[in-house]
Amino acid sequence: MISRRKALIAGGAGVAVVAGSATAIGVANREKPEPPSPPSSDGKGHTLWRNWSGIQHSYPVLRAAPKDEGELAALMTAAPAPVRVTGAGHSFTGLCATAGTLVSLDAMSGIVGWDGDEATVLAGTRLGALGPALAAKGRAMANLPDINKQSLGGALGTATHGTGTTLKAIHGDVTALTLVTATGQVIDCDGDKRPELFDAARVSLGALGVITRARLTTTANRRLRRRVWIEPFEEALDKAEARWKTHRNFEFYAVPFTGLAANISHDETDEPAGVRPPSQDDAFLDVLKTLRNLLGFSVGMRKAAARALLGGAEEETAVDEGWKLLSTERPVRFNEMEYHLPAETQLQALKEVVAVIEQKRPDVFFPIEVRRIAPDDAWLSPFQGEPRGSVAVHAWYKDDHAFFYELIEPIFRRHGGRPHWGKLHSLNGPDLAALYPRWNDFLALRRELDPEGRLLNPYLKTLFSIA
Ligand SMILES: Cc1cc2nc3c(=O)[nH]c(=O)nc-3n(C[C@H](O)[C@H](O)[C@H](O)COP(=O)(O)OP(=O)(O)OC[C@H]3O[C@@H](n4cnc5c(N)ncnc54)[C@H](O)[C@@H]3O)c2cc1C
């Protein structure tokens with residue numbers, strides 16, 4: 001048995017030797033930060049806004065970073081429309097693009113109050129900054145997504161989630177929030193005070209107004225033990241349900257063209273925190289990409305090489321406080337489609353996704369992420385009403401991702417999936433009305449709060465089927 005790190009380094013070099021190329025020898029054991037943002041000006045020197053992957057852009061005439069709710073309320077009524085609020089710009093869809101006003105809550109950040117174990121947090125706070133701030137009080141968010149670059153407002157806006165059968169998406173831990181609407185109203189809501197607005201606003205795509213603060217339940221800041229291990233894909237499929245039942249957090253990545261899966265679990269522990277080796281995720285991707293480049297002409301050879309190089313890697317473990325372990329860096333830029341499926345259809349959909357990629361898209365090398373999320377009752381939460389299992393397909397940012405729509409989305413839709421609001425999909429009003437029982441109530445409330453449609457950009461008009 002060799003560690004995944006050694007396997008990856010050997011893997012890169014091995015593939016190069018097998019294929020008579022030196023390109024893979026650059027596979028290095030290094031921890032890279034998130035890649036720099038795409039340039040903030042176009043080729044002609046005009047300033048623009050871009051999302052993380054670079055797939056969305058716009059030229060707002062005004063950018064504003066209000067310092068408090070009063071300043072924001074004035075802006076909402078007077079600034080050029082469409083008025084869109086953005087957090088970290090990590091969504092892949094056109095939610096934030098505007099030729100009007102782009103609002104940032106970067107100046108409204110931090111914890112501003114405690115009510116027992118509930119923290120009131122300004123919505124511009126990045127999840128990565130919230131971790132240490134909560135830990136200073138011995139508390140933590142119950143769960144985190146893969147990365148922690150998002151703002152709290154942005155994470156709520158698209159129902160951002162982590163994984164764990166008993167753990168809700170982030171908005172599921174919100175117990176109260178404040179919304180500033182397009183008409184300049186500042187409205188507090190919770191389960192008792194304007195409960196319908198509370199249920200609509202917790203996941204609202206920045207389409208009801210700007211959330212300025214949210215009260216969050218927290219948990220004790222416990223240490224977790226992470227395990228990462230590779231095994232045959234079929235075995236991962238057979239054992240996934242049992243693992244979701246037994247681990248605090250469990251997810252796995254199906255790796256197309258390898259016959260393998262990488263499993264990741266997190267469980268509470270009293271073991272002391274240890275020194276963590278650098279992340280191997282980018283090296284793993286380098287090997288997969290090299291296998292694609294050099295052996296993409298033969299599924300059989302690609303699978304055999306992948307199994308030989310990666311299949312025998314030994315398990316990796318790490319122990320640390322949960323907020324330090326649950327989110328990691330994503331140093332390789334990509335585009336993504338993720339759907340949330342009824343738990344009972346999730347794994348069948350996954351099998352079909354892997355099969356169609358292996359039959360038709362030899363250019364794909366990114367692993368497919370598979371998670372489970374607890375239900376909640378926010379109107380536009382993809383997890384509304386029942387536990388859901390997510391399946392996420394990625395494409396390197398320079399690669400074609402049209403196959404998301406042509407091959408993958410039909411499978412997700414056939415299995416009753418709801419799209420992640422921040423990730424690529426092609427659904428519009430009638431499709432979404434069929435998936436969300438309170439869709440029309442949401443649209444009616446939206447009209448009431450924003451009668452002039454000041455918050456609607458072209459993407460939201462398509463989503464809501466508004467002419
Ligand atoms: C590398 C990477 C990894 C990711 N991992 C995960 C993951 O593990 N799990 C997951 O679920 N998602 C994941 N995502 C998706 C990401 O969490 C969401 O797209 C999230 O919305 C991004 O947050 P943001 O602050 O960048 O928001 P933005 O993308 O800037 O905005 C998202 C939406 O929220 C609205 N919004 C922003 N702030 C406010 C506010 N204050 N009030 C009201 N509305 C607001 C915006 O108008 C927009 O509609 C990932 C994305 C990337 C690029």
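Colleague: Why is Ser465 called partly exposed?

Modeller: Count the C-beta atoms. A residue is buried if 20 or more other C-beta atoms lie within 10 Å of its own, exposed if 12 or fewer, and partly exposed in between; C-beta atoms are placed from the backbone. Ser465 has 13 within 10 Å, so Ser465 is partly exposed. This is a predicted model: local features need pLDDT of at least 70, side-chain atom pairs count only at pLDDT 80 or more, and totals for chains, interfaces and linings use all residues. Residues are numbered from 1 along each chain as its sequence is written.

Colleague: Where is Ser465, and what is its phi?

Modeller: Ser465 sits in the segment after H14. Its phi is positive, about 50°, although Ser465 is not a glycine. Helices (H or I, at least four residues) and strands (E, at least two) are DSSP runs, numbered from the N terminus.

Colleague: Ala467 is in the segment after helix H14 (458-463) too. Is Ala467 buried or exposed?

Modeller: Exposed, because Ala467 has 3 C-beta neighbours inside 10 Å.

Colleague: And what makes Phe257 buried?

Modeller: Phe257 has 25 C-beta neighbours inside 10 Å, so it counts as buried. Phe257 lies in the loop between strand E15 (249-255) and strand E16 (260-268). Its phi is near 65°, a positive value in a residue other than glycine.

Colleague: How do you know that strand E6 (residues 101-104) is covered on both faces?

Modeller: Thr101 and Val103 on one side are buried, and so are Leu102 and Ser104 on the other. In a regular strand the side chains alternate between the two faces of the sheet.

Colleague: What makes E4 and E5 partners of E6?

Modeller: Bridges. Two strands pair if DSSP finds at least two bridges between them. Strand E4 (residues 62-64) has three to E6, running parallel. Strand E5 (residues 83-86) has four, also in the parallel sense. Arg63 stands opposite Leu102 in E6, and Val83 stands opposite Thr101.

Colleague: What kind of peptide bond joins Ala81 and Pro82?

Modeller: A cis bond, with omega about -5°. Pro82 is in the loop between H2 and E5.

Colleague: Why are E7 and E11 said to stand at the edges of their sheet?

Modeller: The sheet is open, with five strands in the order E7-E8-E12-E10-E11 and antiparallel pairing. Strand E7 (111-115) and strand E11 (186-190) each have a single partner strand, so one side of each is left without a neighbour in the sheet. E11 pairs with strand E10 (residues 174-180) over five bridges. There Leu177 stands opposite Cys189 in E11.

Colleague: Why are H10 and H11 called roughly antiparallel?

Modeller: The axes of helix H10 (residues 343-360) and helix H11 (residues 403-414) cross at roughly 165°. Axes are lines fitted to C-alpha atoms, for helices over the stretch in contact, and angles run from 0 to 180 degrees between N-to-C directions. Angles under 35 degrees count as roughly parallel, over 145 as roughly antiparallel, 65 to 115 as roughly perpendicular and the rest as oblique. H10 and H11 are therefore roughly antiparallel. Their axes come within 10 Å.

Colleague: How confident is the predictor in the chain?

Modeller: pLDDT is the predictor's confidence in each residue, from 0 to 100. The chain averages 92, and 93% of the residues score at least 70. Over residues 1-31, pLDDT stays under 50. Where pLDDT is low, the predicted coordinates should not be read in detail.

Technical notes. Two residues are in contact if their C-beta atoms, placed from the backbone, lie within 7 Å.
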